[in-house]
Amino acid sequence: MTTGKINVSVENIFPLIKKFLYSDHEIFLRELISNGTDATLKLKHLTSIGEAKVEYGSPIIEVKIDKDGKKLHIIDQGLGMTADEVEKYINQVAFSGAEEFLDKYKDSAKDSGIIGHFGLGFYSAFMVAEKVEIITKSFKDEPAAHWTCDGSPEFTLEPADKTSRGTEIILHIAEDSLEFLEEFKIRELLNKYNKFMPIPIKFGTKKEMLPNPEVSGEDAPEDTKTTEIEVDNIINNPNPAWTKQPTELSDEDYKKFYHELYPMQFEEPLFHIHLNVDYPFNLTGILYFPKLGSDMQIQKDKIQLYQNQVYVTDNVEGIVPEFLTMLKGVIDSPDIPLNVSRSGLQADGAVKKISNYITRKVADKLKALFNENREDFEKKWNDIKIVLEYGMLSEDKFYEKAGAFVLYPTVDDKYFTLEELKENLKEKQTDKDGKLVVLYAGNKEAQHSYIEIAKDKGYEVLLLDSPIISHLIQKIESDNSGLTFVRVDSDHIDNLIKKEEATISKLSEEEKTSLKTVLETIVPKQNYSVQLEAMDSQAAPFIITQPEFMRRMKEMSQSGGGGMFGMGNMPEMYNLVVNTNSDLATTILATEDKTAQESLVKQALDLAKLSQNLLKGEALTAFVKRSFEMIK
Ligand code: ADP
């Protein structure tokens, strides 16, 4: 037997390991299974190139709990180690790795968000074990070795009688980590970190109905043909969809994988994007567009990041462009540095390239979907628009490509691209300065009367109802200077869109002046500015409008991101537009009795408020009461 002292500068590194990685003790299992996987894949490689003259077979990794002995076993059938290799790889290499890791780790403050904790490797076992044993037999013709270490730098190394190839790690679980002897806990960890690792992982056994080996022949009774047989319980899928070629996969396969990834998710994804690149960086993955709608749900099923099929994290901030973090799926890339802080990650050139690649792939896919089946794309629009609109606002590269597939729906469910929209509005909807006017509504119900007025005149009205739409409109206008967006209720329609000829006013200048004076004494000044307009006599006599600019600025400051500071506190200011050609205008002017005149104006104002959803509470109650009085 050899005993020795591991060569370390820190006297006792294990308490440090424990302390620094306190919250992430559970990663030890991932690290040890990763080592077993590496050892197995290395053997596969060596046998395939003829360097290892052994049968590769179908190796698995087994995880076993010995609750009474307070031990956890991780057993692989990989290439194993000779005693010399244990000396070298475990005592020297692994240890220096652990030390180096801690050095780095100490510098980056604990909460700055180290995303992986990779690199600690084998020694992470000491986060949960008070003693660790390695019993290993190399594929080479050499005796097995047995290494033991209790967490101090002293170790023992002696021969062992293991005859089968591979490595068994035995963790003597420490008193403060006994949870790792619970079956449900280990199952949970295997499910989280190892669900898609490339070597089958066995955890216990299960019963399955299989052909009965004792019964043969066609005419055996049906119920004896199969029987319950105890088989290995393999917890992982070693060949997850993202490791395959898109040509090997059907739509069904992609959907199946989605549910494998998120077993608690019952909704189907809308579509997927298969990522696959090996130069200048290596990345595979599948992203899914879930149904989002306009209310952004709290996201529990997030995009998962893997490295060589080993789960790392579901915090992909900095790697995936922010607007796409609402998607679901997996990304697997060995090229993402994991022992750096988030800000370090964002500054990393390779990571920036990855993020750009993902943006481009998503844009290409959307364009292809749009071109292949526009009708279907239109049907999905409502569920995907929030991601796309957010992408246009936050990523210039995406904005540039968005013209090819971003849609602008009308209140009647027609869908235009921006180019089509311009074409459609040309010669139909321009303002006094010759700019194309895009009329839109934010809510079909609330702005119903305004929408109807515009439609009656043959104008196109869009339905733009995302919470961030005012920001997007602002961007599109500054980009396409020939376009101006106005909400249907932002002014009277005849002021928004240029008409061939002006309507002639029935009232004289004098009459107009006296009408205005009457109105201004009755209508509250602090909320309404009175404007007289000569319109069709059929148009509504009183209309309340809110200027586009004011409303938009207010919305922008409320939804954050570039709005004007303090605009959220502005009082609501509206225009009261009165149609001087309406019969009501004439009647108001002609009413001599001041009380009667006042109640006419008040009633008309309330009606206008009602159609703008502004009549509420006490005012609404009073209005209803008064109206009943009038008809009784
Ligand atoms: P890393 O895996 O990052 O190299 P580790 O500390 O996990 O670092 O392991 C150090 C070395 O010990 C490995 O590179 C490998 O050579 C050897 N090793 C660890 N676990 C096993 C195993 N299960 N089978 C064979 N060799 C192993």
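**Reading a predicted model**

Author: With a relative accessible area of 4%, Ser490 counts as buried; buried means under 20% relative accessible area, exposed over 50%, and partly exposed in between, with a 1.4 Å probe and protein chains only. The model is predicted, so local features need pLDDT of at least 70 and side-chain atom pairs count only at pLDDT 80 or more, whereas totals for chains, interfaces and linings use all residues. Residues are numbered from 1 along each chain as its sequence is written, and side-chain values use heavy atoms, with hydrogens and water left out.

Reader: Where is the place of Ser490, and which residues is Ser490 in contact with, leaving aside neighbours within four places in sequence?

Author: Helices (H or I, at least four residues) and strands (E, at least two) are DSSP runs numbered from the N terminus. Ser490 sits in the loop between strand E19 (483-487) and helix H14 (493-496). Contact means heavy atoms within 4.5 Å. Beyond the neighbours within four places in sequence, Ser490 is in contact with Leu496, Thr545, Gln546, Pro547 and Glu548.

Reader: What does the side chain of Ser490 reach?

Author: A polar contact is a pair of N or O atoms within 3.5 Å; within protein, one must be able to donate a hydrogen and the other to accept it, and residues adjacent in sequence count only if both atoms are side-chain atoms. The side chain of Ser490 reaches the backbone oxygen of Arg487 at 2.7 Å.

Reader: Which side chain does a polar contact join to that of Glu208, and which residues does Glu208 touch, not counting those up to four places away in sequence?

Author: Glu208 belongs to strand E8 (residues 201-211) and is partly exposed, at 31% relative accessible area. The side chains of Glu208 and Lys206 are joined by a polar contact of 3.3 Å. Not counting residues up to four places away in sequence, Glu208 touches Thr227, Glu228, Ile229 and Val231. Asn233 is 25 residues from Glu208 in sequence, with 9.9 Å between their C-alpha atoms.

Reader: How is a pair of aromatic rings described, and how many aromatic pairs does the structure hold?

Author: The description uses the distance of the centres and the angle of the planes. Rings of Phe, Tyr and Trp (its six-membered ring) pair if their centres lie within 6.5 Å; planes under 30 degrees apart count as stacked, over 60 as edge-to-face and the rest as tilted. The structure holds 21 aromatic pairs. One of these joins Tyr258 and Tyr262, which is edge-to-face, with 5.5 Å centre to centre and 75° between the planes. Phe377 and Trp381 form a tilted pair, at 6.3 Å centre to centre and 45° between the planes. Phe377 and Trp381 both lie in helix H9 (residues 374-394), four residues apart, about one turn of the helix.

Reader: Are Phe377 and Trp381 buried or exposed?

Author: Phe377 is buried, with a relative accessible area of 2%, and Trp381 is buried, at 1%. Elsewhere, ring pairs link Tyr193, Phe196, Trp242, Phe257, Tyr306 and Tyr311 into a cluster.

Reader: How many helices and strands does the protein have, and what percentage of the residues count as buried?

Author: The protein has 19 helices and 22 strands. Of its 632 residues, 49% count as buried. Among contacts with a separation of 6 or more, 72% involve residues 24 or more positions apart.
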